Each structure stands twice: as structure tokens, then as C-alpha cells.
Amino acid sequence: MKDSFKEIVRQKLLVAAQEYFALINKIIVIESEDFTINKKYIIKFNKGNFLHLTGIISNLKANDFFEKCFNSSIKIDDIGYNEVKNKTNIKNKLRCLLAISEMFNKELLVQEQFVKNRVICKIATSDGSFTIGFSGGSKFVYPMTVLNKNRLDEKKPIFKIKPVIK
């Protein structure tokens with residue numbers, strides 16, 4: 001029997017990869033004198049983060065997964081998920097990834113030291129409909145998680161900032 005969930009996910013992955021690709025060669029700067037840890041964060045997207053952000057389980061290497069989604073050669077057998085808890089998570093993540101390229105064209109809510117469950121990020125951004133958490137080294141931060149809705153912690157400072165795209 002054909003897995004219609006996987007086919008729907010496959011179709012959405014093709015579009016999400018195009019959206020994500022629009023950010024790969026860009027540098028996004030988020031800065032504020034009000035930040036307490038770093039005054040400036042430089043966000044970069046790379047192919048290797050895409051698989052993790054989708055919530056999908058795959059035997060493909062992360063870069064290969066992205067390339068196959070981007071060039072429409074991803075197969076149903078390349079897509080896996082945990083039956084018990086993963087379907088809703090994948091649906092929510094893909095909904096966010098389908099609109100990701102437009103997120104940084106507007107003012108965002110931004111929070112340093114974002115923590116959600118076991119996820120710890122240097123910075124997180126939200127447009128109200130979804131949240132992206134970033135982690136990384138001293139020079140750049142990379143997307144680590146995509147969450148449905150605004151998941152910023154209201155008990156910690158939240159700033160409104162218009163990112164600069166280079």
C-alpha cells in the first residue's frame with residue numbers, strides 16, 4: 001500500500017528546498033545594542049542543516065538529502081519518520097520551511113539564549129507564526145530548530161529587529 005503521507009511530504013520537500021535555497025548564499029545580520037551576550041549575530045544557512053530542520057529520518061547524508069529535494073530526485077524510500085510521534089512534527093516543520101525565505105524580509109521578534117525543552121540556542125527569531133532557533137560558533141550561527149508558532153520565552157527579553165540581508 002502506498003504511503004500517502006510520505007508522498008505529500010515529498011511534494012512539500014521539493015518546494016521547501018527551493019525556499020531554503022534562497023537563503024543559502026545570503027548573510028543575515030541581526031544586531032542590537034540591547035543584546036546582552038553579543039551585539040551582533042550573523043546567520044548563515046547551509047545545505048547540511050535542511051534535513052535536521054525537516055524532522056525527517058533518512059539514510060541519506062544531510063547534503064545529499066537537500067540536493068535530492070532541491071533537484072526533485074528525492075524518493076519515497078528516502079523519507080522516514082517515527083510512527084508514534086513524528087507526523088505532526090514533520091507537518092509543522094514543513095509548514096514553516098515552506099515560508100522560510102520570506103521570514104527575514106520583515107521585522108522579527110528576537111531572543112538571546114533561547115531554550116525550549118532540550119534545545120538550547122544562542123538566538124531565536126519569530127515572525128509570530130513560527131520560530132527558528134540558531135546555534136553555532138563565534139562567527140556565525142546556523143539554524144538548529146524550527147518550531148510552529150511563536151515559542152519565545154515571555155519571561156526573557158524579546159526585541160523587535162529588522163534583519164539586514166547581505
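**A walk around helix α2**

Let's start at I57, which sits in the loop that links α2 (47-54) to α3 (62-70); helices here are DSSP runs of H or I with at least four residues, strands are runs of E with at least two, and both are numbered from the N terminus. Bear in mind that this is a predicted model, where local features need pLDDT of at least 70, side-chain atom pairs count only at pLDDT 80 or more, and totals for chains, interfaces and linings use all residues. Residues are numbered from 1 along each chain as its sequence is written, and side-chain values use heavy atoms, with hydrogens and water left out.

Setting aside residues up to four places away in sequence, I57 touches D78, I79, G80, Y81 and N82, where a contact means heavy atoms within 4.5 Å. Take D78 from that list: I57 and D78 are 21 residues apart in sequence, and their C-alpha atoms are 8.3 Å apart in space.

Now step back to the end of α2. G55 follows this helix and has a positive phi, near 80 degrees. The backbone oxygen of G55 is reached by the side chain of N86 at 3.5 Å; a polar contact is a pair of N or O atoms within 3.5 Å, and within protein one must be able to donate a hydrogen and the other to accept it, while residues adjacent in sequence count only if both atoms are side-chain atoms. N86 belongs to helix α4 (residues 86-97), and with 9% relative accessibility N86 is buried. Apart from neighbours within four places in sequence, N86 is in contact with G55, G80 and Y81.

What about α2 itself? Its buried residues are N49, F50, L51, L53 and T54, and their cover includes α1, α3, α4 and β6 (141-148).

Look at α3 next. The axes of α2 and α3 are 7 Å apart, at an angle of about 85 degrees; axes are lines fitted to C-alpha atoms, for helices over the stretch in contact, and angles run from 0 to 180 degrees between N-to-C directions. The two helices, α2 and α3, are therefore roughly perpendicular, a label for 65 to 115 degrees, with under 35 being roughly parallel, over 145 roughly antiparallel and the rest oblique. On the α2 side K47, G48, F50, L51 and T54 take part, meeting A62, N63, F65, F66, E67 and C69 of α3.

With α4, the axis of α2 crosses at roughly 135 degrees and comes within 8 Å, so α2 and α4 are oblique to each other. Here F50, L53 and T54 of α2 meet I90, K93, L94 and L97 of α4.

Finally, the core. A nonpolar core is a set of buried Ala, Val, Leu, Ile, Met, Phe, Trp, Tyr and Cys residues joined through side-chain atoms within 4.5 Å. The largest one has 43 residues, and L13, Y20, F45, F50, F65, L97 and F104 touch the most other members. Helix α1 (residues 4-24) gives this core its largest share, nine residues. A second, separate core has five residues, among them F114, A124, L147 and L152. In soluble globular proteins, nonpolar side chains tend to be buried together.

Terms used. Buried means under 20% relative accessible area, exposed over 50%, partly exposed in between (1.4 Å probe, protein chains only).
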